[in-house]
Amino acid sequence: MFSLNLDKKADSRAHLVENKFSLQVQATVNEVGKALLGKNHQIRLALCCLFSGGHLLIEDLPGMGKTTLAYALAKALHLNYNRIQFTSDLLPADILGISIFDQTTAKFSFHPGPIFSQLVLADEINRTTPKTQSALLEAMEERQVSVEGETRSLPDPFFVIATQNPSTLAGTYPLPESQLDRFLMRLRLGYPDQRAERELLEMNTERDKVKEVQQCLSNDAVLEFRRKSAEVNASDALLDYVQRLIAFTRGKEEFHFGLSPRGSLAIMRASKTWALMCGRNHVVPEDVQTILPNVVEHRLRATSDEDGHTGASLVQRLLNEVDVIE
Amino acid sequence: MDISYQIPRAALIWVLISVILVILPQSIRLPAWIIAIVVICITWRLLIFAGKLNYPGRLVRVAVVVFTLVVSATQMRNIGVGLDSAAGLLTLGFVFKLIEMRHKRDIYVVLSLCFVMAMVAFLYSQSAVSTVYIAITVTIITAAMVALNRSSLIVDTGGTMRLALKIILQAVPLTVILFLVFPRIAPLWAVPLQTSANSTGVTDEMSPGDISQLGRSAALAFRVQFENSVPLLHENLYWRGLVLDDFDGATWRRTRSRSAYGNAAQIANFQFDWEDRIRIEGNPILYNVILEPTQQPWIYALHLAQPVSKNMFQSRNFEIFNNGLISQRLSYDLSSYRNNQTDLILLDSQRSRNTELPEEGNSQSLEFARQLRSSVATDRDFAYAVLAYFQRNAFFYTLNPALLGENRIDDFLFNTLEGFCEHYASAFSFLMRAVGIPSRVVVGYQGAEYNRFEDYMMVYQYNAHAWNEVWLEGEGWIRFDPTGAVSPERIQLGVEEALRNDPAFMEEAFFSAARFGGVDWINTLRLRLDAIEYEWNRRVVNYDEDVQFELFERLFGDVTEQKILILLIGLAGIVIVAVGFTVIRIEPRSKHSPIVKAYLNIGKELEKVGLGRRQGEGPLDYCDRVVDARPELAGVMTELTDLYISLSYRSKSPGSEQQKRDLKDLKAALNELRFKLSPIARFR
């Protein structure tokens, strides 16, 4: 059920304004789309998350193309890429790196772990122990790593795509709400539609396609996106709308708890980036509505919730019941 | 303790100020020990505030309750159940609550009591000054309530005060309307005012020293306004009060008939032959008097007066009585005939009463009177001869005369030769009666101060005076004033001039502005203030049932019960509607900007063709949906959406020129949409 495409506005067609940013985004989406067929909206959201400087959590069944997305993104944006497969015996040092005694120099030299790269794919994050999870999450938050008393900066841009398998939870350590909150977005890829599936079958293998992905954006362009998105204008009317959305989550009984200020900041950050990606310099309510499911679903929980996956229906209520105009 | 129940510090200061303000006017009347307790309680509260003292323990509180019970019981026994004791008890409970208040709930009790205390002040004084004071106090109490409901982190005194003022000002129109139209219903019960103990004024007995006592007081007796502002000379301003015709050798008294003063019917019997007993000429002088409360039934008027106001009647000596004691400020209209003659024919009973003297004493004066009478031809000449005697000899007009011996008249006439008006009036009447001429003492006030600001006159207690009336054959009762013979300036210029150098004059009114009458600007200020007070009394305090009725009549013609009912229902309706509107206005829906209004209208228009805006739908999505359904609207719909987005979401500075232009375009586009929609809607 998690792979059902809940997003009705997968194709954000008409709201684009053609300019440098929207064209760049379009080109990137097309390029990544070569590897991940029929998932343009998800690619777009992943880019939005990256441009906003947040981290992405992909939650889906195995074999849906999570790794492909990460790898293709890394190639298209020319980011160096590392993949960490999380297992129950993984230790923090395996991620962060370790100092090893070098006999030739008779000194300890630091061997950076896989986290020292621009795009990190943390595969099956819920398989590892909380200790290791926290090591990763701390690095995500601080954008630096302290190993053996020395602080080392992580590269910029630094982007983590964590994945987790929501179905078989036995022997896993699900991330608690406090840690889910660290991810700007939670994304589901979902099954490809019929046409994309057919194309996929015709090609036989998907991995080869990833190799064809060309670089579309430089690191500087990524950083410019991040800088410009902060300058996007959010008018009073829009802030009112966002505030009403937040107030709705805090005031209703069905919501186990309301959105945190970090959550509301995440909405604004993602909305601004989305507006920029659409080629606008101002946020419209549609931007908020588009990113809202992915930004707040994992932060919300119904009072009657047991497994933490009721956020989607709550977001639908938010979208339907909170009016754009007061 | 939950933080929301704690008392914000800023609010506490406001509450303490309110408490002090409401107790201040009471403090003049309250006993000193209550004041001491008030001060202790406020200090205690301040010390709790500063963290130096704790709240009172259970033992202290029980002690306080017992103490208050005992005190109130003794108070009631000593001074009786009345306003003073009740006000004292209220004050005690009020300040004790002050040291006990810990929670917001307690403060609300204290603040409600503050309002009650403020109203208690009105029971004592309804003057303009006290009204302004109470209005300020009520504003401060409201500010305390505002401060109480603000966050304890905000210390914004100005803002609190502004909000309180705004609330009070909003209440003003309703107050005025209620004041004008609320039915004046007579009180079902009345609080006994215990003010007779310290009230000053003319009484129905006159012993030497009584009126000179009034000369020490600068309290106001009454105010007078003449209808046609007749310029009366100071020496004609004899405000006649009571006629005293019974003398026992020391004291002049009013002969009381079998009935008490309050019995209107008895005295009204004298009315029937009023016309026969007087002879009047010329036009009457019309004037209005506002008398300060005297706790006595009689009123003051220029002789010969005829009351215009109802509930007044005249005694057989032409005194005028109110029906009942005057316990609050009384306004009455009078008409007086200055050219008058009364009782041209004197009844025997009257004659004997007005010539009666005690059988013993004052033999020297009796002998003196007989000798003087034999030296002149007529009764009239005799009266003038007595006046001449006062004038020729070294009589002295003073507030502090020497004490008189047993034969008071003898002692005064031949020994001390000094006295105040009552001495002269008493001696004069005695000499008249000694030779069988009917004569009596009249007490009242003489003179007045003119207030040019509102064109009226003020009469003070120190204007109190006593003079005589002598009955002469063919002339009736004639006024004689022996004081005028001794001190002509007293009559012509006023008591202020006559007693300028007398230290006892107005000695009870040390700080009274009248003492500084010589300083020009103080005098102007005093007159100006009194003028305001006078207008206030005339227009506000005296607004009673009759005036209300008159006002209604002027506004609506004949006043019927039906009309009053409709008026009341209408006003109640207005108030309810006004309150309703305020409540509705609190709903945020009404503050739509013109931009949003125009945009909502788009939705309303499209609703007619089944394309209304859905809740939660963004403008771009809506536009897409409409264009999908009605491609012919694509142009105008896109324009509208673009304009709306540009107005609402693009710019951060509303009110710019560009915005105004866009809004105009938006409205124009809306009209275009209407135009395009009308055939479609009709077709549907």
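Student: Where is P157(A) placed in chain A?
Tutor: P157(A) sits in the loop between strand 7 (150–153) and strand 8 (159–164) of chain A. Keep in mind that this is a predicted model.

Student: What kind of peptide bond joins D156(A) and P157(A)?
Tutor: That bond is cis, with an omega of about -5°. Most peptide bonds are trans.

Student: And what joins H303(B) and L304(B)?
Tutor: A cis peptide bond, with omega about 0°. L304(B) belongs to the loop between strand 9 (301–302) and strand 10 (305–307) of chain B.

Student: Back to chain A. Is the phi of H78(A) positive or negative?
Tutor: Positive, at about 55°, although H78(A) is not a glycine. You'll find H78(A) in the loop between helix 3 (66–76) and strand 2 (81–85) of chain A.

Student: Okay, confidence next. What pLDDT does chain A average?
Tutor: The average is 85, and 93% of the residues score at least 70.

Student: Where is confidence lowest and highest in chain A?
Tutor: Helix 8 (residues 207–212) is lowest, at a mean of 75, and helix 11 (residues 261–277) is highest, at 93. Also, pLDDT stays under 50 over residues 1–14 of chain A. Where pLDDT is low, the predicted coordinates should not be read in detail.

Student: Last one: which residues form the negative surface patch?
Tutor: The patch is made by D544(B), E545(B), D546(B), E550(B), E553(B) and D558(B). Of these, E545(B) lies in helix 20 (residues 545–556) of chain B.

How values were computed: Residues are numbered from 1 along each chain as its sequence is written. Chains are lettered from A and ligands numbered from 1 in the order in which they are written. This is a predicted model: local features need pLDDT of at least 70, side-chain atom pairs count only at pLDDT 80 or more; totals for chains, interfaces and linings use all residues. Side-chain values use heavy atoms; hydrogens and water are left out. Patches are made of residues with over 30% relative accessible area and no salt bridge: like charges are joined within 9 Å, nonpolar side chains (Val, Leu, Ile, Met, Phe, Trp, Tyr) within 5 Å. Accessible areas come from the Shrake-Rupley method with a 1.4 Å probe; for residues, only the protein chains shown count as cover. A salt bridge is a side-chain nitrogen of Lys or Arg within 4 Å of a carboxyl oxygen of Asp or Glu. Lys and Arg count as positive and Asp and Glu as negative; His and the chain ends are not counted. The place of a charge is taken as NZ of Lys, CZ of Arg, CG of Asp or CD of Glu. Helices (H or I, at least four residues) and strands (E, at least two) are DSSP runs, numbered from the N terminus. pLDDT is the predictor's confidence in each residue, from 0 to 100. Contact means heavy atoms within 4.5 Å.
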